[in-house]
Amino acid sequence: EYDYQPVIVKKDTLIFDVAAFANGNERKLKEQLEKLPGVEVSDNGQVKVQGKTVTQFMVEGKSFFGGGTKIGVENIPADAVDKVEVIDHFTEVAHMKEVSGSDELAMNIKLKEDKKQFVFGDLRLGYGNNKYYETHASLFYYAPKINWSAILNVNNYGGQVLDYSDIARFEGFKSLYLKEKKSLINLYDYTTPNTNVTENKNQFLATDFRYSFGKRWDVKAFVLANQNWIRSQSDQSIEYLQENEISFENRNTFGKAKTSLVSGRISADFRQNKTTNYSYNFQTSLSNNNRNNSIQTQNDLRET
């Protein structure tokens, strides 16, 4: 007497059985979502449900690498997905849903029992003129209790190290009932390339990790390490006009800088019961900056 329903509505939650809409030829989650009624996926990985943007992306009820949709929809294997849940007015703390006034829209992916562990990532290598080079690696591992990811970038031309989707993942989801956590470093500095120098060498590593101790404890950690060497040079020809004489100056300015940075963040969330949650957060940062600037100048005075 079972009444099969491909879409189930429960208050603020829609539950899609993807098997009812897919044909089995899909490779990634993105292709499955595009076939669900009312769901749209843009080229940059943004997901909308009935015109509203998904702001929190989860797998098995846990934030998936920071909660952004791009990494999940483009990398989760299609054959691992069982159901897709869309939750309106979402908040991380269930007992505060009625009072938080949240307008967040979350998507939760339910996996098949035998498909709850996978690895994905990409690697980019490049070598060009004037011995310029770049190595960029992004690696991810997912399991129900563990999420781990790492980004490595080594280049000597001042290229972009992170993109905005990386930053959103590393910063993580800001809980609605807590004030925004202040960061000791500005990750957006790594999104802007700096090629207006004679040499810019970067060695960058960022990694984040989440582990669940049962159903109550969640521990998250983030570590960033970066070494940067910059050499700069500017040449100027200056002419000073005075009443009885003209002065010429050739000025050369040379600069060297080395910056080392190690920053980390550890947070822990404990759910004591349905009405009590505890959140702990620890941040630290160590940096070392060395700069050396020199100026060479030549003057030539001449009477008019």
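Where is the place of asparagine 130? Asparagine 130 sits in the loop between S10 and S11, and point 5 returns to it.

1. **What we are looking at.** This is a predicted model, in which local features need pLDDT of at least 70, side-chain atom pairs count only at pLDDT 80 or more, and totals for chains, interfaces and linings use all residues. Residues are numbered from 1 along each chain as its sequence is written, and side-chain values use heavy atoms, with hydrogens and water left out.

2. **Confidence.** The average pLDDT (the predictor's confidence in each residue, from 0 to 100) is 84 for the protein, and 88% of the residues score at least 70. Please be careful with residues 173-181, where pLDDT stays under 50. For that stretch the model has 16 contacts (heavy atoms within 4.5 Å) beyond four places in sequence. Where pLDDT is low, the predicted coordinates should not be read in detail.

3. **Overall make-up.** The protein has four helices and 16 strands; these are DSSP runs numbered from the N terminus, with helices being H or I of at least four residues and strands E of at least two. Of its 304 residues, 36% count as buried, where buried means under 20% relative accessible area, exposed over 50%, and partly exposed in between (1.4 Å probe, protein chains only). The accessible surface is about 18500 Å², with 49% belonging to carbon and sulfur atoms; the areas come from the Shrake-Rupley method with a 1.4 Å probe, and for residues only the protein chains shown count as cover. Among contacts between residues at least 6 apart in sequence, 61% join residues at least 24 apart.

4. **The six-stranded sheet.** An open sheet of six strands has the order S1-S2-S8-S9-S6-S7, with mixed pairing; two strands pair if DSSP finds at least two bridges between them. Strands S1 (7-10) and S7 (62-63) stand at the edges with a single partner strand each, so one side of each is left without a neighbour in the sheet. S1 and S2 (residues 13-17) run antiparallel and are joined by four bridges, and isoleucine 8 has isoleucine 15 in S2 as its bridge partner. Lysine 11 lies in the loop between S1 and S2. Although not a glycine, lysine 11 has a positive phi of about 50°, and at 85% relative accessibility it counts as exposed. Leucine 14, by contrast, is in strand S2 and counts as buried at 18% relative accessibility. Leaving aside neighbours within four places in sequence, the contacts of leucine 14 include Val7, Ile8, Gln50, Val84 and Val86. Leucine 14 and aspartate 88 are 74 residues apart in sequence and 8.7 Å apart in space, C-alpha to C-alpha.

5. Ten bridges pair S10 (residues 118-127) with S11 (residues 133-142) in the antiparallel sense, and valine 119 has tyrosine 141 in S11 as its bridge partner. This hairpin has five residues between its strands. Asparagine 130 has a positive phi of about 60° although it is not a glycine, and it counts as exposed at 65% relative accessibility. Most residues other than glycine have a negative phi. S11 is also joined to S12 (residues 146-155) by nine bridges, again antiparallel, in a hairpin with three residues between the strands. There histidine 136 has asparagine 153 in S12 as its bridge partner.

6. **Asparagine 155.** This residue is in strand S12 and is buried, with a relative accessible area of 0%. The side chain of asparagine 155 reaches the backbone nitrogen of tyrosine 157 at 3.3 Å, and a polar atom of that side chain lies 3.2 Å from the backbone nitrogen of glycine 159. Leaving aside neighbours within four places in sequence, asparagine 155 is in contact with Tyr133, Glu134, Val161, Asn200, Lys201 and Asn202.

7. **Nonpolar cores.** A nonpolar core here is a set of buried Ala, Val, Leu, Ile, Met, Phe, Trp, Tyr and Cys residues joined through side-chain atoms within 4.5 Å. The largest one has 30 residues, of which Leu33, Phe57, Phe64, Val84, Met107 and Ile109 touch the most other members. Strand S9 (residues 105-111) gives the most to this core, with four residues. Beyond four places in sequence, isoleucine 109 is in contact with residues including Leu29, Phe57, Val59, Val81 and Val84. A second, separate core of eleven residues includes Ile151, Tyr190, Phe204 and Ala206.

Methods. A polar contact is a pair of N or O atoms within 3.5 Å; within protein, one must be able to donate a hydrogen and the other to accept it, and residues adjacent in sequence count only if both atoms are side-chain atoms.
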